[in-house]
Amino acid sequence: MPGLLSSPVCLTVIWFLSWSLRPSRAQIRTDEVSGVQYGHLDSNVTLACGKSQIRIPVVWHLNHSSVLPWHRVTSDGTLVLLHVDHSAQGNYSCYDNQGLLLHSVKLRLGHPPGLLSISCHVPNHTHVRCSWVESVKTFLPAKYNASFRGTGQEWRPCVVDVVRKLCLVDHPAFWQTIHTLRLTETNALGSETTSARFRLHDLLKPDPPESLLVNEIEGYPKRLIVSWNFPSSWPLHDAFPLIFQIRYRPQGSVYWSEVFSEESPFVIFDALAGHLHQVQIRARDEVNSDSQWSEWSALLLVRPWEDSSTPESTEEFPPDESFPDYFFPFDTTPETSTAKSHNSVHPEDDGNLGLVILLVLFSVVILTTVLSLIFIMWVRQRRRDHGTKQELTSMVKMKSMPI
């Protein structure tokens, strides 16, 4: 048996098998990445072939391929990638001249953090919600640390939600005039701190009212009843009341009617009978005049009550036909629905006829007045002439009397 193993044929087979299995063994180990290295995009990145300083020829592979980005290899086996872009990311492995794996590393590329664009929303007097947007796309995982304080107060943590990129503060010092948020972003290539100053009173903006309902009122073709609930994020109804603004218009009109209310429900008295209406509502802190209006609620469509026992009194506008710019209903008095006669006089004709009658009457009055003045002047003149004749007659008689 020992003689068989030492034969030239057997040794040749053993050598061939060992040579053919060595690359496969190295190939399996290429998936064993020893660590992660981070580099700056658009710059040169250096990858060392392990910690050994022995200068031996090495071969580099990227993701099991010998095709590499633009690069050069130094005498000690170090790989220098030139002006890297995203295509240079991946698993790098270096081998000796016999195909034995010496070192592997995962390369990730990106940018260090930049300043953040911070915006804060105050949905009620007990919560502050701040979010941010990156000014620099880093392409790398980041950590955030946020803190918040009022003027002259200690810093307190702002609880960070990394996924949604926001932080939350409970029970802020609302009586303080100015507040500051300090936010630090950190990744493998560096860190950056951004500070933002703001006034909570100016940022107070409730969420839109919820559960908006608009219904017809039976027997009233020009009325609608609107009801709603406080925003669920506004828990202190009594301590911090809200005022509500309701707007509505016939579908297709360019004009809104707007009314204000402190309580739900609210009755609209001047809806346009027989037409579909759009209704929305929003809210604002009633006490703090510096606060903002909430966003408008979702649009609701509703039609006032119609009497099905009488013929249609109005003609529906097509859905996509706009009302004329001068049209808008202003009637706010209670009403009842009646059918219009096809033979009735048009309102504009009634107005013209009345104007003609008024002009005729006015002309008669003027003519009567003028004739009366002429008659009076004639009578007075006649009296004056009669008096003159009498005076002349008296004078003649006096002259004819003997002295």
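Arg247 is buried (under 20% relative accessible area, with a 1.4 Å probe and protein chains only) yet has no salt bridge, the nearest side chain of opposite charge, that of Glu258, being 5.2 Å away. A salt bridge here is a side-chain nitrogen of Lys or Arg within 4 Å of a carboxyl oxygen of Asp or Glu. The model is predicted, with local features needing pLDDT of at least 70 and side-chain atom pairs counting only at pLDDT 80 or more, while totals for chains, interfaces and linings use all residues. Residues are numbered from 1 along each chain as its sequence is written, and side-chain values use heavy atoms, leaving out hydrogens and water.

Arg247 belongs to strand E18 (residues 242-250), strands being DSSP runs of at least two residues numbered from the N terminus. Its side chain makes a polar contact of 2.8 Å with that of Gln280, a polar contact being a pair of N or O atoms within 3.5 Å, of which, within protein, one must be able to donate a hydrogen and the other to accept it, and residues adjacent in sequence count only if both atoms are side-chain atoms.

Elsewhere, 4 strands form an open antiparallel sheet in the order E8-E9-E13-E12, where pairing requires at least two DSSP bridges. Strands E8 (116-124) and E12 (159-161) stand at the edges with a single partner strand each, so one side of each lacks a neighbour in the sheet.

Notes:
Buried means under 20% relative accessible area, exposed over 50%, partly exposed in between (1.4 Å probe, protein chains only). Lys and Arg count as positive and Asp and Glu as negative; His and the chain ends are not counted.
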